[in-house]
Amino acid sequence: MRRISVLGATGSVGQSTLDLIARRPGEFDVEALTGANNVALLADQARRLGARLAVTACDDRYHELRDHLAGSGIEVAAGGEAVKEAAQRPADWTMSAIVGAAGLVPGVEILRRGGVLALANKETLVAAGPLVMATARQNGAVILPVDSEHSAIFQALRGESVRDVERLVLTASGGAFRDWPLDSLHQATVEEASSHPNWAMGQRITIDSASMFNKALEVIEAHELFGLPPEAIEVLIHPESLVHALVGFRDGALMAHLGAPDMRHAIGFALNYPIREPLPVARLDLAAVGQLTFRPPDPERYPALALARRVMEEGGLSGPVFNAAKEAALDAFLAGAIGFTDMAPVVTRTLDRMSGDSGLPRLSPDDAVPSLEDVLEADRLARLRAGEIVVGMMR
Ligand code: NAD
Ligand code: MG
């Protein structure tokens, strides 16, 4: 029996992960499941899968979770520290499907114990890529990418050497507003931004797909994971979402990964790695699909992409600042404080203000790997600054 834990079990990726686990009874021994607000679902999952530990990230939901699990013998805990402890528990395979920067500390804990980390939480790499990769190396830990584009690249690279790679091409659906007239984007509502043309995902990543902040995060994620320079990572709009990514080699060969838009493919590949097992995903009928289309992203429609380039060039603590400012801008959009097209300016201004911020931890020029403390401080300050910028824009 393989011992596994799933962090963020109640979310979109978490539920897909448990779906795959539940289909193979007797193969997996579930150590810990974590969630946040949705404690009824978390308790139900823990009972169904016979987990040893269930943790809600929300301190104030402890009693509710305990009541749901009364008499089950399942251990119950609450709060950020308890999520971190769940990550520290020994397991053969751990999924990090928490949304946002909250995934960083638990992710690092999994790597510190030398674990196998199936990583859906891209924010971990955007905020602290150099630290995360170094921690994995030092502890003999393994990172298996679960973001579909990165899983596609990882699969195309099997048996290949990264030295032979000339470029990576990440595809993007273009999101909810890819065909909207540019001058109407500022009116886009939260509801409109929350519907994705091809993928069923959590609300935050769906809105990030509409703004292309999701692809901006993914470009940085690819840069950190595969170690390619920023100019070797391209983005292509591909409205069908069937080609997930392409790897271009120095002999001109371009290897594409195709599949139905179903996260259970990337999750299942990581779960079964290094072997391939049958997965309950739809098979592509290319004759029925007929044609695949591609076009370059319009920089005016998707200003987030240029911000990713800037972050990779600046390095230092701009990764955590970018991620936190993006999360704060999204919170403000969700709260109705700013419009859809105000998110990118909030992030730009936060980056501008913080590049000369005296409160930011000072890194020496050869400090290529910022510490976890520095990253968390940069995250905290960026949320504060972004909040001030939002208030300024509301006036
Ligand atoms: P989601 O919102 O559906 O689920 C998020 C999970 O994190 C939930 O279990 C929630 O309870 C938990 N959570 C929320 N706040 C938390 C906190 N402060 N501390 C601990 N746990 C917390 O999100 P999702 O769409 O499943 O995405 C999860 C991650 O995977 C994100 O980083 C996302 O970018 C990435 N991802 C998702 C998809 C997808 O198809 N949904 C695809 C690729 C990558
Ligand atoms: Mg993706």
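Visitor: Which element gives the most to the shell around ligand 1?

Guide: That is α1, with 3 residues. This is a predicted model, where local features need pLDDT of at least 70, side-chain atom pairs count only at pLDDT 80 or more, and totals for chains, interfaces and linings use all residues. Residues are numbered from 1 along each chain as its sequence is written, while chains are lettered from A and ligands numbered from 1 in the order in which they are written.

Visitor: Which residues come nearest to ligand 1?

Guide: Of 28 residues around it, G11, A36, A57, M201 and G202 do. A residue is near if its C-beta atom, placed from the backbone, lies within 6 Å.

Visitor: How many residues of the shell around ligand 1 are nonpolar, polar and charged?

Guide: There are 14 nonpolar, 10 polar and 4 charged. Asp, Glu, Lys and Arg count as charged, Ala, Val, Leu, Ile, Met, Phe, Trp, Tyr, Cys and Pro as nonpolar, and the others, Gly among them, as polar.

Visitor: How many residues of domain 1 are in contact with domain 2?

Guide: 10 residues of domain 1 are in contact with 13 of domain 2; contact means C-beta atoms, placed from the backbone, within 7 Å. On the domain 1 side, helix α6 (residues 123-139) gives the largest share, 5 residues.

Technical notes. Helices (H or I, at least four residues) and strands (E, at least two) are DSSP runs, numbered from the N terminus. Two residues are in contact if their C-beta atoms, placed from the backbone, lie within 7 Å.
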